[in-house]
Structure formats: structure tokens, C-alpha cells
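Here are my notes on the model you sent. Please read them with the structure open.

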Amino acid sequence: MSPDPQTELPDIILSRADFEALHRLVGDLPGRGATALLQQELDRAEVRETRDVPPKVVGLNRWLRYTDGRGEEARRVRLVLPPDADIDQGQVSILSWVGAGLLGLAEGVSVDWPDASGELRRLTPVLVEAD
């Protein structure tokens, strides 16, 4: 399962701190499922110093609202490292399908991204909250 090969992937931007934390996290994990997709995203990300990351870009520990193309209301979540994940509190693991797909996207930019079943969803951050 991978993003739609017919669609060009949007640019993603990561802070150096997020990139290094995530690189350490996935470095020793098997490259399957959402972990493999996160590894691919790290490989193609534009890495910048934290001060140079635009304020409306999805990063670790940022609250955001996103839609997934299913016509539902935007959902509020925060991307976190796996030990901090708690779906009932809106804390979504970066190793989840949604977490890996939203990482590094700018507000209003969409990506066609697979879910665990392989179905493509159009993930769009519609509001990235200020820190």
C-alpha cells in the first residue's frame, strides 16, 4: 500500500528536530505498513530549522483539524510519538496511517493517502493551530 502513484505527492516540510526524532524512531523498525510510508516521507521531506518552518505546517505535537474526503466534519487531532498516543484524547500516533499522511503538509494542501485497508483517502489539514 502506498500513496496513489498517478498523483504527484505534495511538498512536505519538517523541522530538523521532528526529522531527527522520527528518523531515530523508524530507523530500527521493520519497513512495513504505515512505518514504511513514514520512512518514505522522511526521505522526501524538506528539512528546515524550526524557526524557518511556516506556522501552518503539520508537525509533531501540533494540534490540527483535518478532513479525509469522506464528507465528515473536520476532526481535531494532535500528532504524537507512539508512547503518547491516545485516540480518545485526539492524540494520533505518527506511526498511524493518518499520522504519517498528515506529517509535513501545509494547511489547505491535500494528499491521496491509503488507510489500513488500502483505500485511498484525501487527507487535508484545514486548520493548523498555533503552538
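Which residues is E129 in contact with, leaving aside its neighbours within four places in sequence? The numbered points start there.

1. **Ground rules.** This is a predicted model, in which local features need pLDDT of at least 70, side-chain atom pairs count only at pLDDT 80 or more, and totals for chains, interfaces and linings use all residues. Residues are numbered from 1 along each chain as its sequence is written, and side-chain values use heavy atoms, with hydrogens and water left out.

2. **E129.** Its contacts (heavy atoms within 4.5 Å) are R62, W63, L64 and R76, once neighbours within four places in sequence are set aside. E129 sits in the segment after β7. Helices (H or I, at least four residues) and strands (E, at least two) are DSSP runs, numbered from the N terminus. The C-alpha atoms of E129 and L14 are separated by 16 Å, and the two residues are 115 residues apart along the chain.

3. **Strand β3.** W63 and L64 bring us to β3, residues 63-67, where side chains alternate. L64 and Y66 point to one face and are buried. Buried means under 20% relative accessible area, exposed means over 50%, and partly exposed is in between (1.4 Å probe, protein chains only).

4. **Partners of β3.** Two strands pair if DSSP finds at least two bridges between them. β3 pairs with β4 (residues 75-80) in the antiparallel sense, over four bridges. Four bridges also join β3 to β7 (residues 120-128), again antiparallel. Look at L64: V77 stands opposite in β4, and V128 is its bridge partner in β7. W63 has R78 as its bridge partner in β4.

5. **From β4 to β5.** Here the sense is parallel, with three bridges joining β4 to β5.

6. **S93.** This residue is found in β5, residues 91-93. S93 is buried, with a relative accessible area of 14%. A polar atom of its side chain lies 3.0 Å from the backbone nitrogen of L95. S93 also touches V80, P82, A85 and G99, not counting residues up to four places away in sequence.

7. D18, A21, L22 and V26 are buried. They cover an arc of only 120° around the axis, which puts them on the same side of α1. The arc is that of the directions from the helix axis to the C-beta atoms. An α-helix has 3.6 residues a turn, so residues three or four places apart point the same way. The buried residues of α1 pack against β1 (13-15) and α2 (33-44). R24 and G27 are exposed, on the face turned away from the buried side.

8. **Salt bridges.** How many salt bridges does the structure hold? There are eight. A salt bridge is a side-chain nitrogen of Lys or Arg within 4 Å of a carboxyl oxygen of Asp or Glu. Three of them follow.

9. **E107 and K56.** The closest N and O atoms of this salt bridge are 3.8 Å apart. E107 lies in the loop between α3 (97-102) and β6 (111-114), and K56 in the loop between β2 (46-48) and β3, so the pair ties together parts that are 51 residues apart in sequence. E107 is partly exposed at 29% relative accessible area, and K56 is partly exposed at 36%.

10. **D68 and R121.** In this salt bridge the closest N and O atoms are 2.5 Å apart. D68 lies in the loop between β3 and β4 and R121 in β7, so the pair ties together parts that are 53 residues apart in sequence. D68 is buried, and so is R121.

11. **D112 and R122.** Their closest N and O atoms are 2.8 Å apart. D112 lies in β6 and R122 in β7, so the pair ties together parts that are 10 residues apart in sequence. D112 counts as buried at 14% relative accessibility, whereas R122 counts as partly exposed at 43%.

Definitions and conventions: Polar contact = N/O pair within 3.5 Å; in protein donor to acceptor, adjacent residues only side chain to side chain.
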